[in-house]
Amino acid sequence: MNAAADKVTVLDAMVIGAGVAGMYQLYNLRKMGLKVRAYETATGVGGTWYWNRYPGARFDSQAEIYQYWFDEEMYKSWKPSERFPAQPETEEWLNYVADRHELKKDIQFSTRIKSAHYDEETNRWNVVTDSGELINTQFLLACCGMLSAPIENRFKGQETFQGETYLTGKWPKDAKSLTGKRVAVIGTGATGIQVIQTIAPEVSSMKVFCRTPQYAIPMKNPKYSEQDWAYWCERYDETKDKVMNSFAGFDYDFTAKPWHESTEEERLAVLEKHWEEGSLSLWLASYSEIFFDEDIAEEVSEFVRNKMRQRLGNDEKLCNLLIPTKNDYTFGTHRVPLESNYLEVYLQDNVEPVDCRTTPIQEFVPEGIKTEDGTIHEFDVIILATGFDAGSGALSRIDFRGRDNRSLKDQWQQEITTAMGLQVHGYPNLFTTGAPLAPSAALCNMTTCLQYQVDWITNCIDFALKNGKKTIEVSKEVENAWVKHHDEVASKTLVVKTDSWYMGSNVEGKPRRLLSYIGGVGDYHNRCDEIAEKGYPGFKID
Ligand code: NA7
């Protein structure tokens, strides 16, 4: 036992993570009067918005809804500069939230949690940090993030490359300037697209290693004036209500007349209206049929493809490389990225796409990247925008042991299950946010779903404590019923037929299951509310 381990910090509740969810969880539990502390690996608050400081990082939810709803004055006093603010502003905002509510004094930074073991004798959790510090807590709140475990070692020989390698999800604060550099970007997901469009004007040359193409939608990102923000402040209650009840936690929802009841002109008008909107509404508020009906999905896909073809000047080679076909997947079954002049980048002289479908990356070499055709592509900098072990990844990095010493990581290597993404049977008093099988990332505006989950968890703990109880554990029956319902809803959609991180297919060996609940945020809230209103049937509260 080292010196740090001599002392045990005893808590009522411990929060892991100080991102959007962890900060709010800390706030809530502290307000309840519990002795609570949060632990965070980073040196500051922000979670996603701390780590993803890559060029061009910004959210795809509008500023008026990427918000907390527990402090109206705070909403009104923070004035976003534009509709989709970039990472620095969002990190600043989360610091503003933390400072306004004096959260930092209860957050221990620069600390990674290594293990958390449940003690069945005392009904408490014993947690160990990377410095060997011990924490003993009754409740454990894992707010570890949905997309916070970047995949770091995708390629053979990565360490041999002699230039700079940057991982988007761990972009260093002191990253060197890319101006005048020969740069490679691997990955054209939502992240890669933001990087590519942002750095294209400054690098001397850029090769983009493209594999699966994306249906790209142009973002409209006007600056927000005082008057613009005053408009949203007047609609505070209305907007809050809308986000909590819509399909995807946004302030827009599917309201168009059903596809089959509409004329061709009407459909086109709806699609054009959403296209002009310049947000994710084309995906999450035009025709819900795109999630279920292959023919409709194909027609909407063709609408998007046509727009993309025009932007690429109908260049056959670029169109073939950058526009998804029906054989790839249809629009909306994969995370839809919002972008700004992303496609136009490929028309620049200093940008060259490399087709990873015909010439996959073989390995990294000291000079750069070797593709399977034997070509060595030389670079000064390689940027990895290669994604995350989503949902289960961040939680599996911690050695969680529940009753009977069961391991969450081992369980999830076999099958990923949760009850509403909030608890897992066998792990009493452990609650999770942003976990598999809850609505998440783009199928839910993250601030909406995380706040709801935190509120639900807080109320559940409050219920137990007010009734003089010490432990809360979801039954296997409730968990099984949720998984069954989740799968039934998911199986009706085209999303489960498409490979992407939504299905865990970007991580070798990961069990396949849709990681986000797709029954709709409003529906999820109704189901979870009902459980709470009925006194948590199926939860063992002792
Ligand atoms: P994504 O969406 O998982 O994208 C990762 C990208 O990396 C994607 O284009 C992958 O191509 C590509 N990739 C991964 N491995 C390789 C290899 N070996 N060769 C070539 N290309 C590769 O991650 P993001 O970070 O962009 O987005 C994740 C979420 O974060 C996003 O949806 C937002 O919600 C925020 P593939 O598709 O596998 O062919």
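Me: What counts as a helix or a strand in this predicted model?
Reply: Helices (H or I, at least four residues) and strands (E, at least two) are DSSP runs numbered from the N terminus. The model is predicted, so local features need pLDDT of at least 70, side-chain atom pairs count only at pLDDT 80 or more, and totals for chains, interfaces and linings use all residues. Residues are numbered from 1 along each chain as its sequence is written, and side-chain values use heavy atoms, with hydrogens and water left out.

Me: Where is the place of T330?
Reply: T330 lies in the loop between α11 (316-322) and β11 (338-339).

Me: Why does T330 count as buried?
Reply: Buried means under 20% relative accessible area, exposed over 50%, and partly exposed in between (1.4 Å probe, protein chains only). T330 has 9% relative accessibility, and therefore counts as buried.

Me: What makes β7 and β12 edge strands of the sheet?
Reply: Two strands pair if DSSP finds at least two bridges between them. The open sheet has five strands in the order β7-β16-β8-β9-β12, with parallel pairing. β7 (164-167) and β12 (351-355) each have a single partner strand, so one side of each is left without a neighbour in the sheet.

Me: How do you know that β7 pairs with β16?
Reply: Four bridges join β7 to β16 (residues 381-384); the definition asks for at least two, so the strands pair. L167 stands opposite L384 in β16.
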